[in-house]
Amino acid sequence: MSVIEIVLLAIVTFIFAIDQFSLTEIAYRPMVACPIIGLILGDVKTGLVIGGTYELMMIGNMPVGGAQPPNAVLGSVVAMIFAVKAKMDINAALGACMIFATFGQYVVTFTFTIMSGLMARADKAAEEANPKGITQVNLISCLILGTLFAVIAIIAYVGGTAMSEPLQQLSKNASWFMGGLSVAGGMMRFVGFAILLKIMLANDMWGYLLAGFVAALVIGNVKALSSATLLLVAFIGVAIALNDFRVTGLNKKVEEGGFSDGI
Amino acid sequence: MESNKELKYVDTNPAPRVSKSTLTKMIWRSTMLQASFNYERMQSGGWLWAMLPGLEEIHTNKEDLATSMTHNMDFINTHPFLVTFVMGIVLSMEQLKTDVQTIRTVRISVAAPLGGIGDALFWYTLVPITAGLTANMAIKGSFLGPVLYFVILFVAEMALRYGLMYWAYNLGMKAVSMITEYAQEFTHAASVLGVFVVGALISNYGAGTKLGISIPNGKAPIVIQNYLDMILPCILPLGLTLWMFYLIKKKGWTPVKCIGLILVIGIVGAIFGIWAGSYTPLVPVPWKVVA
């Protein structure tokens with residue numbers, strides 16, 4: 001166990017935690033992250049092998065559409081610690097890291113939930129035309145996410161494989177809380193939608209809201225189309241909007257008497 | 001977000017074209033789109049931060065900057081690598097001082113559909129192919145694997161960000177100046193599209209909100225959600241959105257208060273095993289919780 005290793009590991013984990021959603025969004029992938037962690041732990045070769053293997057495992061398990069797969073950052077960090085420090089073989093290390101990866105997923109859910117509270121602060125900064133306030137909100141958020149991940153990496157480094165059992169226990173006992181949090185997280189976007197509706201929804205537009213709701217339901221339930229749902233719905237929406245534009249534009253012309261001489 | 005008052009720009013004279021260095025700054029800032037990602041507003045904090053260099057150059061008086069920043073805090077979710085396309089369009093509208101309402105509706109209507117395109121392009125196509133090409137190099141112990149992997153993907157990502165920003169900005173300038181004659185009608189049409197897209201978002205993003213109660217009944221357990229789906233699929237996402245809309249618009253609730261309410265609903269529901277998910281309820285209940 002070395003202090004330098006712990007510090008470096010905490011720093012790269014901090015960066016990868018942010019990178020998984022911002023920055024390059026590529027450096028955190030096991031393929032790149034594992035060799036870098038291997039460099040820190042003094043075994044690059046294992047880093048390359050785990051990185052390549054883990055990356056191939058992740059094909060088909062991509063972070064698309066807001067779904068949170070087991071967290072690749074903590075998965076990579078912990079798999080490397082187990083393989084290099086606990087001398088586990090590659091596959092065993094990749095298997096054993098999954099409980100940490102699941103925990104990483106919890107941390108992400110937790111951060112995304114509490115960050116909703118910071119939006120009020122961002123709104124205030126916006127109303128005061130204060131760009132620094134916006135920078136702060138983003139920094140605070142990165143700091144929270146990075147720090148939580150770095151702490152778990154340190155726990156994994158110090159506690160080693162002995163941490164797996166207590167974590168498993170904790171994740172079982174707290175499952176109702178994490179379950180509730182992720183349900184709430186899934187529902188918070190409705191507040192965002194409600195704010196949008198407050199701005200856009202004039203009384204003559206309720207039908208369009210329901211029509212859009214139905215269009216996405218129908219297209220989303222056709223397997224061949226579901227991944228392009230919103231694009232397809234937007235195409236329909238454009239047609240409706242163009243028609244609306246034409247009709248209201250015509251009304252304007254009629255009001256101005258633009259047609260009277262021609263007809 | 002206490003703005004029941006209609007947001008309008010005081011200075012409606014078009015601003016000069018945003019400088020190249022500002023556009024470059026915005027492109028690099030766009031990498032932090034998800035810096036303050038959260039479930040309520042998703043990418044809005046990072047979005048505003050990325051837009052700020054342009055907005056500060058365009059809106060030289062403080063009041064208009066405040067107006068612009070306020071409406072740029074709206075809910076937004078788009079693909080992180082394609083976001084500069086939306087940024088370019090919105091920037092051109094800001095520069096020509098287009099009606100705030102129009103900017104808001106165009107922004108959400110352009111942003112939302114890009115998510116699916118970006119995922120298909122990047123996560124389903126480019127990343128798996130690149131990984132397939134380079135993973136075996138890494139497994140055989142070559143540094144070339146990760147280096148190639150990073151370079152290919154990062155160059156593709158940044159090229160997209162650059163190209164889309166300029167393309168969209170110029171496109172927007174052309175389109176926006178064309179529609180000024182029918183500004184009011186265009187705003188109405190854009191709002192129609194915006195509301196239509198939000199309706200789609202409710203069922204597309206909201207489908208995860210389900211009941212998880214499954215009452216044991218021999219071989220055919222009674223799953224309550226199935227009955228709800230028979231009445232109206234996605235009835236919970238629709239109902240919750242309209243409820244939040246009612247609380248915010250009619251009762252004057254702040255978004256933070258709504259979030260608090262939702263947190264309570266989520267966690268209390270999980271204590272009694274009402275919501276769908278893979279968890280064990282705190283209180284023993286006579287039904288099973290299914291995802």
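Tutor: Two residues are in contact if their C-beta atoms, placed from the backbone, lie within 7 Å. Keep that in mind as we read this model, which is predicted.

Student: Which residues of α4(A) meet which residues of α7(A)?

Tutor: On the α4(A) side they are Val73(A), Leu74(A), Val77(A), Val78(A) and Ile81(A), and they meet Phe149(A), Ile152(A), Ala153(A), Ala156(A) and Tyr157(A) of α7(A). Sorted by class, this contact has ten nonpolar residues, with no polar and no charged ones.

Student: How is the packing of two helices described?

Tutor: In general, one gives the angle between the two axes and the distance between them. Here the axes of α4 (residues 72–84) and α7 (residues 131–159) of chain A come within 10 Å and cross at roughly 20 degrees. Angles under 35 degrees count as roughly parallel, and α4(A) and α7(A) are therefore roughly parallel to each other. Their crossing is right-handed.

Student: How many residues of chain B are in contact with chain A?

Tutor: The size of an interface is often given as the accessible area lost when the parts come together, but here we can count residues instead. In chain B, 108 residues are in contact with 99 residues of chain A. The largest share of the chain B side, 21 residues, comes from α7(B). By class, that side of chain B divides into 69 nonpolar, 29 polar and ten charged residues.

Definitions and conventions: Residues numbered from 1 in each chain as written. Chains lettered and ligands numbered in written order. Predicted model: local features only at pLDDT ≥ 70, side-chain atom pairs only at ≥ 80, totals over all residues. Helix = DSSP H or I, 4+ residues; strand = E, 2+ residues; numbered from the N terminus. Nonpolar A, V, L, I, M, F, W, Y, C, P; charged D, E, K, R; others polar. Axes fitted to C-alpha atoms, helices over the stretch in contact; angles between N-to-C directions. Parallel < 35°, antiparallel > 145°, perpendicular 65-115°, else oblique. Left-handed = near helix turned anticlockwise from the far one by under 90°.
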